[in-house]
Amino acid sequence: MMETFCDSCSQHLKNFMELIQRASENLLQKIKYFFASIQHCCCLKRNKPESKRFYKPVLQQHEKEAAQQFLQHVEESKVIDTECLEALRTLAASENPSLQQSAALYYLHISEQLKNELPEEYLEPYYDLLRSNDLEVQRKASLSLVNLLVEGNVNKETVVQVGLLEPILELLHSGDATVQCNSCACVATLATSVLNRNAIASEGAIKSLLGLAKSYDPRVQQNAAGAILNLTRSENTQHLLCKEGALPVLILQLQSPDSEVQYYSCSALTNIASNPQHHPSMLQIGDGILFNMLQGLMSSTVVKVCCQACYCLRNLFLNADIQDDIVAMNYLPQLHELLKFSNKLVNEAALSVLSILTENHSNTSSGRQSRRDIGDQEIAWKAAIVSENILKILGKLLLIYRTNPRVSNYVGNIIQKLATSKTQQDIIDSRCVVVLLQVFGLLTIHDESLLYVTACIAQLTNNEIIRTHVIQESDANIAAHLLMLSSQSGNIDLSFQAAYIISQLGQDEMFTLLLRPHIREIVGYVLRFLKHQEIRFQHLGLLTIRNLRKDSHFAAVFSERQLIEQLNNVSQQTTEIQDLLQAVLYQKVEN
């Protein structure tokens, strides 16, 4: 037929036929995609035999009896009664939506009234209710199960063991936002159990949750993000989440206008970032956009979002290979503002980041940078922190939160790590030393913070200029407090740190004068240290004798027979250890 057309018309006709063929293929693909998309929806799933699908459900006699029994039970206002369990089973398994709704409504009533744990057998009817074809039944049944799980009226592991996980996960594919919201909440609560996380992940729930995390419904988005967060609490499910593409989704959700979604997503990233293996994948997305987003969230007016951004950065900063990125971003001004913010949670979060920035990373690098480069960066960071006037804020925080062990630990670690030969005078000028001594005098033996403050002072005394300043600021009360702590046998770490301070400050004649009234106490703890099994205590005992015997009063008491005998014992032990060590080394050389 084409022979009757000219070449031009023949070409047009050929093009038209090809167009029709491509359109047909495209239409066929769209039809296939349509059926593939809806086949998983629970509204199309039928659990009843094929023969019953096209008939209107007829109320059977046993269903009538069950309904009557159930109605009587409700009228008698009994919340839990084993006699109605069979009635509930019958109503839940019925094809009549009204009867199923009655059972679902009853469970909703139970979930709001129950004060004790629901008997395990009462979970059985849930299987039929959750897989019901009636939307209202799904809504009520899933909501009641959420209530029971949240209130702790049912055991989370038991819910999975009795087989309810499958119908719960099926509801994630529902086209109804309320059902999706409730099923996500169920998964989120179930995932708080370590045993349930692997079961949830192995059932293929991760992809569904990641899809719902991008839902346009804020309720669904929140609960899906919450479920993902709880799944990140186990290392195994962290790997599965990353494998299924969770990182781009979570990073994208940091931009959500919903602060709850931001918080859940940031918390999930914080958990994932606790494993350095995931850092490369996290930072490759969007050419390291995660850093920018976290820096933005640090300025959030929502406290928990701001704090979580700090904790995520802290975990990322543990990786020494990204020090260049940290320097480039310059987080110090923001951290300074957060430290000045009048909120304990925000202060703690900012301190956790600052504490990591002052750590020594020379032993944690994977090789991208040399130790010298990392060392230069650390010196630059410390100089930048000092120049930012953060030291003054640290002193104020320590004084305000002196009984808070977390704050005391962070502040103590930061100050002692900032102390270098170049920063000693800055630390003195910031009055951090004065505050440390003030807090030291205010704390009691029962305050956990006392150990961190004492340890910080002990480390600072290794710096000559700071040690001199500590001596100048000390008085008889400080000396007496140190002596009391050194004699504590119930807290050996605190005793050690206090005794170390005495040994260091005792090198100065001015401080030795403060110690003279306590000579017998010092001899007592030194003798105890020399008898101690730990080498560090024996070493500190010897160091104390060496530093204090420059004073004639101490030299006299250190020459007493009991102490000399113990020194001879230590010498004998040391000789034996040296002989044994030489024998081992000689044997090693021969081999």
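The entries below go from the whole chain to single residues.

Entry 1, whole chain. I noted first that this is a predicted model. I looked up the secondary structure and found 35 helices and zero strands in the protein chain. I then checked burial: of the 591 residues, 47% count as buried.

I located E120 in the loop between α4 (97-113) and α5 (126-130). Its relative accessible area is 47%, so I put E120 down as partly exposed. Leaving out residues up to four places away in sequence, I found that E120 touches T158 and V162. I looked up the C-alpha separation of E120 and T158 and read 7.6 Å, for two residues 38 apart along the chain.

I searched for disulfides and found zero in the structure. Which cysteine sulfur is closest to that of C456? I found the one in C432, at 8.3 Å, which is too far for a bond, because a disulfide needs the two sulfur atoms within 2.5 Å. I recorded C456 as buried because its relative accessibility is 0%. For C242 the relative accessible area is 22%, so I listed C242 as partly exposed, the cut-off for buried being under 20%.

Technical notes: Residues are numbered from 1 along each chain as its sequence is written. This is a predicted model: local features need pLDDT of at least 70, side-chain atom pairs count only at pLDDT 80 or more; totals for chains, interfaces and linings use all residues. Side-chain values use heavy atoms; hydrogens and water are left out. Helices (H or I, at least four residues) and strands (E, at least two) are DSSP runs, numbered from the N terminus. Buried means under 20% relative accessible area, exposed over 50%, partly exposed in between (1.4 Å probe, protein chains only). Contact means heavy atoms within 4.5 Å.
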